[in-house]
Amino acid sequence: MAKTIAEINEKIKKGEVVVITAEEVIDIAKEKGIKKASQEIDVVTTATFGPMCSSGAYLNIGHSKPKIKLGGGRTYLNDVPAYGGFAAVDIFIGATALPGDDPRNKIHPGEFKYGGGHLIEDLVAGKDIKLVANAYGTDCYPRKKLETWINIKDINEAVLFNPRNAYQNYNVAVNLSDKIIYTYMGILKPSLGNANYCSASQLSPLINDPYYKTIGVGTRIFLGGGEGYIVWNGTQHNPDVPRTEGGVPKTPAGTIAVMGDLKKMSPQWLRGTSITGYGVNLTVGIGIPIPILNGEILQYTTVKDEDIYAPIVDYSKNESNILTEVNYAQLKSGKIEIKGKEVPTASLSSYAKAKEIAEILKEWINSGDFLLSEPVQLLPSVGSKIGFKPLKERPIE
Amino acid sequence: MQKRRVVLTYPYKFIDQPIISYLVKKYDIVVNILRAKINPKEEGRLVLEVSGKEENLDRGIDYLKELGLKIQSLAQDIRWLEDRCIQCTACSPLCPTGAIEVDRKKMTITFNKERCIACGLCIPACSYKAIEILF
């Protein structure tokens, strides 16, 4: 018999809810069968913990005396430039922003020791942050210069807002050239020296709800150690891709945009990330509960590493160049075979930490602290014609 | 036969002396230089793998100490900061000696200091500064 989210929430309130992780569901469903398991299990928790470039946070720092209008001026937090094109004291920190004096890739590969991602981690950790701003001054906002320490506990709002997170599946990166390359997929040794992947595979949120039948705008989630929400599909959301029989995309596909109160998050689950030769990033912890409304939804959550395929892409070429595909059981074994060569594998996203997040979310739901929310709108799915288009470049004469 | 990995630090006055040759000739020690940093007028540092009979190794090390050289186990100069590590495994395929191992069931990292040769290849692969080599 089908269940509703409201019925599951009643069970959570009464302490009768049955919650398991997306790893645990695999064996339980196999043992009990889909029908029985879907009646007994109410929620399956999914999670991921990996670098997610399209992340950031907005702050309202409060008005100084006399007032300053940061918009149109320049604002730096620990020397990292923040975007100020809003009202007077709202600013946005992007995860990949770098201080002006960072040497970047001048000596290749650059180290990228500190940037937006680290700044967000420091802010969440409660460290004092140095704010330096210059403005042009107006009759109503006369101040032109501001230098002060700020702290997350003192400012009005601090909100994590990530336009694209939790990619549903991703490429496996290799290097066919004869030179080492430094990419957002890590260090790739020449001539198939290694293969790097980045997915929580059988624990990954969107892989467990491949057609987005429960996950949508308004879904309450674990975000950076606190509670957050899915607020839209992520940028580059691309549901119309080749899929397995079980519906799992065989290439990068769906994405989510998420937000939540940064003040309630933890530096354990928002980590500044320095990717050699590439730049700065933020490693984000996300956990999404999947309400087991019926057998079909449960069936999706039983997906296991062997059933999830990812394309192997040569990152030494500018154009995406898919060599072959491989499943996550093979990737997690530590070696795969490509063109007759045994290639060692490594992950950029942490399966162990994803599992920890899935357990924490399970605990939150079991303790009655975390109720499931009904999405107000599901994410665009197959046939929605939302696509991932390249830039149409038109030369400016 | 015993094998030890050590870090040798010595003042610049010894730079022009063939200390390693004495170690080989006098004490019958096999020396494998894993890493060396020797600049004129500066302190020199060598990472060595020394192997030989236990008594010869002890005598050889005493000889170095008597000369006034500082010698310590390599393991003391390498740190894996477990609380900074996110257990992603990105460093593991770059390790040439298997010092960084992955538990394939749990997908967690273990770091075996004794196998590490301080080559430093893992350091740029770690995005979280979770491995430190202190020289």
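**Notes on the predicted model**

1. In chain A, strand β7 (residues 129-134) is joined to β8(A) by six bridges, and the two strands run antiparallel.

2. Which strand of chain A has 13 of its 13 residues buried? It is β19 (residues 279-291) of chain A, and with 13 of the 13 residues buried this strand is therefore largely enclosed by the rest of the structure.

3. Several strands pair with β19(A), and they can be followed in turn. Nine bridges link β2(A) to β19(A) in an antiparallel arrangement, with Val43(A) standing opposite Pro291(A) in β19(A). Strand β15 (residues 220-223) of chain A also pairs with β19(A) in the antiparallel sense, over two bridges, and here Phe222(A) stands opposite Gly287(A).

4. The pairing of β18(A) with β19(A) is likewise in the antiparallel sense and extends over six bridges, one residue pair being Gly272(A) with its bridge partner Leu282(A) in β19(A). The two strands form a hairpin with three residues between them, and in the turn Gly277(A) has a positive phi of about 80°.

5. Another hairpin of chain A is formed by β22(A) and β23(A), with two residues between the strands; Lys339(A), which lies in the turn, has a positive phi of about 50°. Four bridges join β22 (residues 335-338) of chain A to β23(A), the strands running antiparallel, and Ile336(A) stands opposite Val343(A) in β23(A). By contrast, β13 (residues 195-197) of chain A runs parallel to β23(A), to which three bridges join it; in this pairing Ala195(A) has Thr345(A) as its bridge partner.

6. How many residues of chain A are in contact with chain B? The contact takes in 26 residues of chain A and 17 residues of chain B. On the side of chain A that touches chain B, at least two residues each come from β2 (43-51), β12 (186-188), β18 (270-275), β23 (341-347) and α8 (351-366) of chain A. The residues on that side divide into 10 nonpolar, 13 polar and three charged.

7. Turning to chain B, its secondary structure comes to two helices and eight strands, and from the N terminus on the elements run β-α-β-β-α-β-β-β-β-β. The C-alpha trace of this chain spans about 50 × 35 × 20 Å along its principal axes. Of the 135 residues in chain B, buried residues make up 33%. Among the contacts in chain B between residues at least 6 apart in sequence, 64% join residues at least 24 apart.

8. Chain B contains an open sheet of four strands in the order β2-β3-β1-β4, with antiparallel pairing. Its edges are β2 (30-37) and β4 (70-73) of chain B, each with a single partner strand, so one side of each is left without a neighbour in the sheet. On average, neighbouring strands of this sheet are turned by 25° against each other, direction ignored.

9. Within that sheet, four bridges join β1 (residues 2-10) of chain B to β4(B), the two running antiparallel, and Val7(B) has Gln72(B) as its bridge partner in β4(B). Helix α2 (residues 54-67) of chain B packs on the sheet and touches β1, β3 (44-52) and β4 of chain B, while its direction makes about 5° with that of β1(B).

Conventions:
Residues numbered from 1 in each chain as written. Chains lettered and ligands numbered in written order. Predicted model: local features only at pLDDT ≥ 70, side-chain atom pairs only at ≥ 80, totals over all residues. Contact = placed C-beta atoms within 7 Å. Nonpolar A, V, L, I, M, F, W, Y, C, P; charged D, E, K, R; others polar. Pairing = 2+ DSSP bridges. Buried ≥ 20, exposed ≤ 12 C-beta atoms within 10 Å, placed from the backbone. Axes fitted to C-alpha atoms, helices over the stretch in contact; angles between N-to-C directions.
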